[in-house]
Amino acid sequence: MPRKPIEITEKIEYLSILDENANVDTKLEPKLDNDTLKKMYRFMLLGRRTDERMLKMQRTGRLGTFPQASGHEAVSIGSVSAIEKTDWHIPAYRELAGMLYRGWSLEKIILYWNGYEEGAVPPKGVNDLPYCVPVASQLLHAAGVGMAMNIKGDKKVALTYFGDGSSSEGDFHEALNFASVFKAPVIFVCQNNQYAISVPLSKQMNCKTLAQRAVAYGMPGIKVDGNDVLAMYVATKEAVDRAKAGGGPTLIEGLTYRFTPHTTADDPKRYRSEDESKEWFGREPLTRFAKYLQNKGVMTAKDLEEMEAEVDAEIRAGIERSETLSKSEELMNPLAMFDYLYGEETEHLKAQKEELKQYLEHKKKGKKQQNHTAHAGSAK
Amino acid sequence: MAGTKEMNMAKAINLALHEALERDENVVVMGEDVGYDEGVFRITEGLVQKYGEKRVIDTPLAEAGIMGTAIGMSIYGLRPVCEIQFSDFANYAFNQMESHAARFRNRTRGAVKTPLVMRMPSGGGIRALEHHSESREATWAHVPGLKVVMPSGPRSARALLHSAIQDDDAVVFYEPKSLYRLFKEEVPDEIETFPIGKAQVVKEGKDLTVVSFGASFRVALDAVETLEEDQDVSIELIDLLSISPMDHATICKSVEKTGRLVVVHEGPRNLGIAAEIIARVNENAFLSLEAPIKRVTGYDVPMPYFSKEQFFLPDADKVALACMETIKF
Amino acid sequence: MSQDFLLPDLGEGIHEAEIIAIKVKVGQSVKEDDILFEVETDKAVVEVPSPFTGVVEAIHVKEGEVAKTGCSMITIGTGAGASSAPAKEEKAAKVSDTKTQILTPVGGASTNGGNGKAAPAPVQTQAKSQAAHHANRDIPVPAAPAVRALARELKVDLYEVRPSGPHGRVMKEDVRAYAAGALESKMGTGAAVATGSRPQPAISLHDKYGGGDEKSEKSGGSSSFSTPSMPSVPGELPDFTKHGQVERVPLRSIRKKIAQSMMKSWTTIPHVTTFDEADITALNQTLKSVEKSFAEKTGSRLTLTAIVVKAVVSALQKYPQFNSSLDDEKSEIVFKKYYNIGIAVATDKGLIVPVIHNADQKSLTQIAIELQDIANKTRAGKVELEKLQGGTFTITNIGAIGGTNMSPMINHPECAILGMARGADKPVVRNGNIEIGTILPLALSFDHRLADGAEAAYFVRHIINHLEHPLNFILEN
């Protein structure tokens, strides 16, 4: 009995349409109207500038620790622009640009990274889940959403993101497996920035590509230049069409790079060489896309300048709104921590809320007395 | 009795599942072997045949996968009733439950909800394999944002499961596996619900309060009935039913009446459910206490492999002893 | 028991330490964890806490001395009752006690947990180990939270309560009993009981008798009555001669004694009198019916007073506070275990109170005989000295004369006096009908320091029940 090779039909391709020098493969170029292209660029820009501003805020104590998104704009915008408003967007935590695109307000994003749960409340009318911190866990949610879409007979997709490190988590595998078994309309997009904090891809997996994991789960996979917004768009559109036609899930690997430390508490110089970083910074997604738009006559240099100014003003306004909101009584109220555990009030939480309330009043009284004494003292 | 049917707990839970799938098209049942095998304890008997594969789902062998996807499904609008084959394996799903099912409502200020049920056979007493008999409800009840319930018989199982399914929050539903077919009870034909967060005073008394739940409740009931026959004592017996949120008011009210309390549960003693009950009684009914509160529990060891299982479990004699010692203090 | 405390191993290979300071004295009460010594090792100055609660009996080291690890530093006496740790539960194979049955305490006297019958208990000596209540206020009283709450509510000092629970634990019933002043269960073993009662305040023959001689007055009449004097504020009385003729007679002898005695009684004893009536219709008939045969047998009359004496004894046995005296100096109540009933006899010299000793040990017949005897002797001035002493309770009867009632004065230093007025025929209501009955008015004056109104009422009722239902006499035996 000779050994017979088993044919695995799934193949992994690499897709690139707009290269780092803004050369475009016109055969593969997607047919997008100018407004869509402008919108895509605007949100990439907004995402980038917001991220940069947020870093400045963090360094001046106006924002908490947060994971920066600079460099991930093409993966995010390229894919999110391929789904409908009624589809579901289930991010990890690098999809700042995509969330803004979906309608999350700037002030909400900033509130979130400043420690307010109110920042995690999805905007009305948008089928989004908020940032997800435990890596890979959101993938199962996306799989479940996709399974529910099937059960309900809804022709929708669930678009979800994860990092290269997340692909080692059990939840990643279970999610792809479930989605594949149940032919759930899920698009799994990997922000492969090649480092899980400091751990390089070579230590994360022993495979040539991340995308080939799809083969193990019996679903299509594709590797894409993650800094190429057009390629990301095309790959995602394919996956959306496939899913809506009942073809099940797709895995898209977007190869990109983190332009910043993992979070504001990280120092990438410890594990990334200057040369490597320089090389990848040269593959920056916004630059090439801006060039492309100018080449296509979609935007002029002046338009781009104006857009920068607009975006800047938008960001400032958003920050201001968020800082006003964070001082509001509603958001400053610590007692709200008891209000959202369950659908109905429970005795033990009611009692604990009252306990905290009384404690706070007690402390307030103490402060009043201190002030009184201080005043009396200063009169001397 | 008119309007009721006699059945064991396995049948009662099965009945509730049938009823739930019937009355709400958003309810789906999912888990390992729940479909065509009808569940390893046959709890999901007849479901896939009646409601189809779309709503009665045989899942891959992945507990995190089951609960994680259930979370997604419940966010989308379904009401998944998931079966974890043995509560011991729920640990795989702990992260999804603790990080997400318990938190989505809170972290989105009520905008996103996860109305799901995680039901699982738990506890010892059936001489099972290793890792198939633990009681870890205390670990799960410790997670703020989850609800945890455990019925003690057919009627409470059927009623509590309906409450759990109709609840808009994630509910961990423990099924004491030793009770599945142990005895039968009259279960009303009409669907009834027992409110989550409420204990039941099953029997009134004045000398002592006994609180228990699950399989231990039956043990406690047995001990109390025997004691009242043989001794001149009057014991109030409370079925906890809801572990989180817990009905401390009912317990404290009873202790105010009797001044004495014994708590019985199978799970390990250290940081167990009894510890919380005792802490609350200390806070709210201290001045009524005439004796220290006693607890009859499992030990702080893994459930012994079944040759010695009976030594670990609280039995009627242990309970009776604790009761009389407390009464006589 | 005495416990030695050895210098502990202070760690890290230390074998000895210099005693820098001794923080306690011999005789001092210490609690667990109180600092006993400061010692210095090679490494540090260390505070050494007490492992015991108790009293320092002896200190074996001196300041400046170098003590070796393991040597005895101090001996502390930990009394048996000092520890408040609850005992281990005994494993009962077959549980037979119920909550309402008597709990057998370890180390404490048994008591009636409210079952009614007073268990005879050993008389307590004043030994430290067998405290009838928790006197050591340095240690908390063992009592459950519910018991403490009850004590607080009833304003009962837990240290005063006699514990009936195991290992000296105070139970709810104990607190209630204490609060209600239900002393009967505690009387026999009461903390206040001391062996060897103080002798009765000596009232000499001269004082009480006042045999009508200046001699007796001079020889020491007023010597025992050195304290309360008569109000003798000069000029307090008006000049009576202004309004008419007067005759002044020196106050002496019996009259003087009575005056002083009444003064003492009135000024030191807070008097309350409780009034009641006994329907002695049936009793009178009985007395009448046995009059002849009794006289034939004994040569005496069986009087109502004799029966009252017996009824009073019965009541005193049940309510011993009325058979007590208050020792104000020592703050002690002296419960007398003997029943000497004084009978007030009117003589032409004044009221004299001879005493029937040990009336509890005498039969009704004996009492009737003795009553007649001493009354006669007293009136004749020939009663024996001892018969005028040692009274624990007095009965005064003006019934022969008349009177609807009276408020008698207590015969100091007794607790109470029972006054009887005339048993007269009166209309009474029986079963809704008006009938003629012989009603005996009774008045009990009592020392409100020793007894309360309710108890007095019970006391009188007890007597009345015996008068109205003499079968009680037989039943209680």
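A: Let's start with how strand S2 (residues 27-31) of chain B lines up with S4(B): the two pair in the parallel sense over five bridges. A strand here is a DSSP run of E with at least two residues, a helix is a DSSP run of H or I with at least four residues, and both are numbered from the N terminus. Two strands count as paired if DSSP finds at least two bridges between them. In general, strands of a sheet pair through backbone hydrogen bonds, either parallel or antiparallel.

A word on the source: this is a predicted model, where local features need pLDDT of at least 70, side-chain atom pairs count only at pLDDT 80 or more, and totals for chains, interfaces and linings use all residues. Residues are numbered from 1 along each chain as its sequence is written, while chains are lettered from A and ligands numbered from 1 in the order in which they are written.

Back to S4(B), and to who sits across from whom. Arg79(B), in S4(B), is the bridge partner of Val27(B). S4(B) also has strand S5 (residues 117-122) of chain B as a partner, again in the parallel sense, this time over three bridges. There, Glu83(B) stands opposite Arg119(B) in S5(B).

So how enclosed is S4(B)? Five of the five residues of this strand (residues 79-83) are buried, so S4(B) is largely enclosed by the rest of the structure. Buried means that 20 or more other C-beta atoms lie within 10 Å of a residue's own; with 12 or fewer it is exposed, in between it is partly exposed, and the C-beta atoms are placed from the backbone. Both faces of S4(B) are covered. Arg79(B), Val81(B) and Glu83(B) are buried on one side, and Pro80(B) and Cys82(B) are buried on the other.

Now zoom out to where chain B meets chain A. In this model, 37 residues of chain B are in contact with 33 residues of chain A, contact meaning C-beta atoms, placed from the backbone, that lie within 7 Å. The elements giving two or more residues to that side of chain B are helix H3 (63-76), helix H4 (94-101), helix H5 (104-107) and helix H9 (248-258) of chain B. H3(B) supplies the largest share, ten residues. By type, that side of chain B divides into 15 nonpolar, 15 polar and seven charged residues. Here Ala, Val, Leu, Ile, Met, Phe, Trp, Tyr, Cys and Pro count as nonpolar, Asp, Glu, Lys and Arg as charged, and the others, Gly among them, as polar.

Technical notes. Two residues are in contact if their C-beta atoms, placed from the backbone, lie within 7 Å.
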